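Here are a few friendly notes to read alongside the model.

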Amino acid sequence: AVNNGDFMGFFRLLKKAPYRCKFILEKLVPHTRYQALCTIVTAYSPTTVPVSYIARVLEFTSETDCVGFLQACGASVQEAADESSSGKVVTKESKNLHPPKKEEPKDADDKRKGVTHGFFD
C-alpha cells in the first residue's frame with residue numbers, strides 16, 4: 001500500500017494488523033500522512049478541504065492533532081467562522097509542503113559530542 005501510494009489502504013491495513021506488525025507500520029505513519037496530504041492538496045486544488053475530512057482520512061485521534069500536523073507541514077489552515085468546525089485547508093496556498101520535522105531525543109546532544117556508554121563523570 002505504501003509503495004503504490006494507496007494511503008487509504010495503508011490505514012485500513014494498520015487497523016487490521018496483528019499486534020507486532022502494528023509496531024512496524026507505526027514507523028511509516030508520519031511519512032504516509034505527509035504523502036497523503038500532498039495528494040489531497042493536489043487533487044482538491046484550488047478549493048478548500050475541511051480539516052475534519054483530513055483528520056478522518058489520515059486517522060488522527062483529534063482535529064487539534066491534525067491541525068498541528070498541517071501547520072508543521074506548512075499547510076495554510078483557515079480558521080472556521082463558528083466553533084463547530086476546526087477550519088479548512090486552503091489548497092491553493094498550500095502548494096509548498098514539507099515533511100514535518102522530527103523531534104530529537106533528549107540525549108541527542110550527548111551523542112553529537114561523542115559520549116559513549118563507557119564514559120562516566
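1. Let's begin with a term: a pocket is an open set of grid points with protein on both sides within 12 Å along at least five of seven lines. Please keep in mind that this is a predicted model. In its largest pocket there is about 190 Å³ of space.

2. Which residues line the largest pocket? They are Glu26, Lys27, Pro30, His31, Tyr34, Pro99, Pro100, Lys101 and Lys102. Sorted by class, this lining has four nonpolar, one polar and four charged residues.

3. Now step back to the whole protein. It has five helices and three strands, and their order along the sequence is α-α-β-α-α-β-β-α.

4. Of the 121 residues in the protein, 31% are buried. Among contacts with a separation of 6 or more, 54% join residues 24 or more positions apart.

5. Helix H4, residues 63–73, is worth a look of its own. Cys66, Val67, Phe69, Leu70 and Cys73 are its buried residues. They lie on the same side of H4 because they cover an arc of only 160 degrees around the axis. As a rule, an α-helix has 3.6 residues a turn, so residues three or four places apart point the same way.

6. What do the buried residues of H4 pack against? Their partners are helix H2 (19–44), helix H3 (51–57), strand E2 (77–78) and strand E3 (88–90). Just after H4 you will find Gly74, with a positive phi of about 90 degrees.

How values were computed: Residues numbered from 1 in each chain as written. Predicted model: local features only at pLDDT ≥ 70, side-chain atom pairs only at ≥ 80, totals over all residues. Heavy atoms only, no water. 1 Å grid on protein atoms, 1.4 Å probe; cavity = no way out; pocket = protein on both sides within 12 Å on 5 of 7 lines; lining within 4 Å. Points joined across faces, edges and corners; volume = space filled by probe spheres on them. Nonpolar A, V, L, I, M, F, W, Y, C, P; charged D, E, K, R; others polar. Helix = DSSP H or I, 4+ residues; strand = E, 2+ residues; numbered from the N terminus. Buried < 20%, exposed > 50% of the residue type's maximum accessible area, 1.4 Å probe, protein only. Contact = heavy atoms within 4.5 Å. Arc of directions from axis to C-beta.
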